[in-house]
Amino acid sequence: MTGKQHIVVIGAGYAGLAAARRLAGRAGTARITVVDARAEFVERVRLHQQVAGQRLRRWNLAEELERKGIRFVQARATRIDAVGKRIELDGGDCVDYDVLIYALGSLADTGGVPGAAEFAKSVATPEVSSWTVNGGTIAVVGAGATGIELAAEIAESQRDSRVVLLSADEPGAWLSAKAVAHIRAVLEKLGVEIRADVKVVEVTADGVRLAGGEFVGAETTVWTTGFAVPELAARAGLAVDGAGRVLTDETLRSISHPEIYAAGDSAVIAGPGERSLRMACATALPTGKYAADVVAARLRGREPGDLRFRYVLQCISLGRRDAVVQLLHADDTPARTVLRGRLGARVKELIVRGAAAAAGLR
Ligand SMILES: Cc1cc2nc3c(=O)[nH]c(=O)nc-3n(C[C@H](O)[C@H](O)[C@H](O)COP(=O)(O)OP(=O)(O)OC[C@H]3O[C@@H](n4cnc5c(N)ncnc54)[C@H](O)[C@@H]3O)c2cc1C
C-alpha cells in the first residue's frame, strides 16, 4: 500500500471507535473516515439501566472523532460494493475506500419464536431501548448475561413490578458454581421469580406460552436470548458464517476480500481452543484496536504481530449494589475466584467506564 490511502471504518461502537482511535496518528498520511447511523454513542452495555429508568450519558460522535482528526459521516450504510470498494449510504451518497474496517456490531435476535419480533421488547440496541418499565409483570426471556442484568435492574428499581425470568438453564449456568449460587441468591432477594427449566414457544400481546401449554401473563415481555448481525457483509458477497458474521484470518482480514477487515460482534475471530471469540465489549475493544494495528502495519509495508488476547474476567451486574465478577482461565472457562456484592458492583462500574475510555471517549 502507498500513501493517501482512505481507511473507512463502518460502525462507531466499541470496536469501530477503538480502531479509529488507534489509527489516528499511526496511519501516516492515510485519511480516516468513520461512518455510523447514530449521531451519538450510547453505552450499549448499560441499556438495561436505561429501561429501568436511569439516564445514560451520550457522546457526540462528530465532536469525539473530529477532535482526533477523523472525519465522521453520520449515515446508515445500505450496501457495500466490494468490487468497486464503495459504501452506499442511505442519503444517496457514497464513500469510497481503499481499506475497510467492518464493525457493524449486532442487534436483537427475535427471530425463531412466533410473536417475539412483533410483541417482545428488547434492550439490544439504543434504537429499541427507548421504552421504560411501567409496573405490572415483566417476563424476561433468556437468562444469559443480558437477561440476568435486566431482571435484577428492573426488580431493584421498580419494587411494584413482578419480574419473571424464563430460561431453559440456570441463570449464569456457564459460570462457576459460586457465581451461579450468588446470582440466584441476589435475584431471589430482589423478588425475581426464576423459571429455569422452561422453553418459550410463543409471545403474545399479553404474555408468553411455554412448551407444554402453560401461559405466563405479562404486561411486558423482553427478549434477551441472543444477538443477530447486520446483513451487509453477506449481501456484499463476503465470506460469512451461518449467522452472517465476517470470516476472518488470524489478522482479522476477511478471508474473501483482502482489503476488508472485521472486528467486534460482526466478525468471526478465532479464539482459544476450537471456539471463536464471543460477542462482547471485552472482545470488541481489543479486536478493533488490533485491526487498526494490522492496517497501520501493512500501510507501512510491514507484517503485523499476533493478536495478543485473553479474557480475564466476566462481570454481570445485579442491580446497582451487587454484581458477580467471574475470573476466567485463558480459555474463557471460569476460574475459582469470584468477586461479589458491593466490591463486585464497584469493579463492574469501573470496567464499564474503562470501556468507554478505551474507545477514546472523554
Ligand atoms: C444490555 C447489554 C449489556 C451488555 N453488557 C456487556 C458486558 O457487561 N460486557 C461485555 O463484554 N459485553 C456486554 N454487552 C455486549 C456488548 O454491548 C457488545 O458485544 C458490543 O457492544 C459489541 O461492540 P461492537 O463495536 O462490535 O458493536 P456495537 O456496539 O453494536 O456497535 C456497532 C455500531 O455500528 C453501527 N451500525 C450498525 N449498522 C449500521 C449501518 N448499516 N450503517 C451505519 N452504522 C451502522 C451502530 O449504530 C453501532 O454504533 C452487552 C450488551 C447489551 C445489549
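This is a predicted model: local features need pLDDT of at least 70, side-chain atom pairs count only at pLDDT 80 or more; totals for chains, interfaces and linings use all residues.
Residues are numbered from 1 along each chain as its sequence is written, and side-chain values use heavy atoms, with hydrogens and water left out.

Let me stay with the ligand. There are 32 residues around the ligand, and Ala15, Asp36, Arg44, Ala77 and Lys348 come nearest, where a residue counts as near if one of its heavy atoms lies within 4 Å of the molecule. By class, the shell holds 18 nonpolar, seven polar and seven charged residues; here Ala, Val, Leu, Ile, Met, Phe, Trp, Tyr, Cys and Pro are nonpolar, Asp, Glu, Lys and Arg are charged, and the others, Gly among them, are polar.

Turning to polar contacts, meaning pairs of N or O atoms within 3.5 Å, an N or O atom in the side chain of Arg44 is 2.8 Å from an oxygen atom of the ligand. Two further pairs involve the backbone: an N or O atom of Asp265 lies 2.9 Å from a ligand oxygen atom, and one of Ala37 lies 3.1 Å from a ligand nitrogen atom. Taken alone, the ligand exposes 1000 Å², of which the protein buries 92%, with accessible areas computed by the Shrake-Rupley method and a 1.4 Å probe.

Finally, the two domains themselves. The C-alpha centres of domain 1 and domain 2 lie 27 Å apart, and 27 residues of domain 1 are in contact with 32 residues of domain 2, contact meaning heavy atoms within 4.5 Å. Between them the domains bury about 2400 Å², 54% of it on carbon and sulfur atoms, buried area being the accessible area (1.4 Å probe) that two parts lose on being put together, summed over both. Of the area that domain 1 buries against domain 2, His48, Val51 and Arg278 supply 28%, more than any other three residues.

Notes:
A polar contact is a pair of N or O atoms within 3.5 Å; within protein, one must be able to donate a hydrogen and the other to accept it, and residues adjacent in sequence count only if both atoms are side-chain atoms. Domain bounds come from an automatic or database domain assignment.
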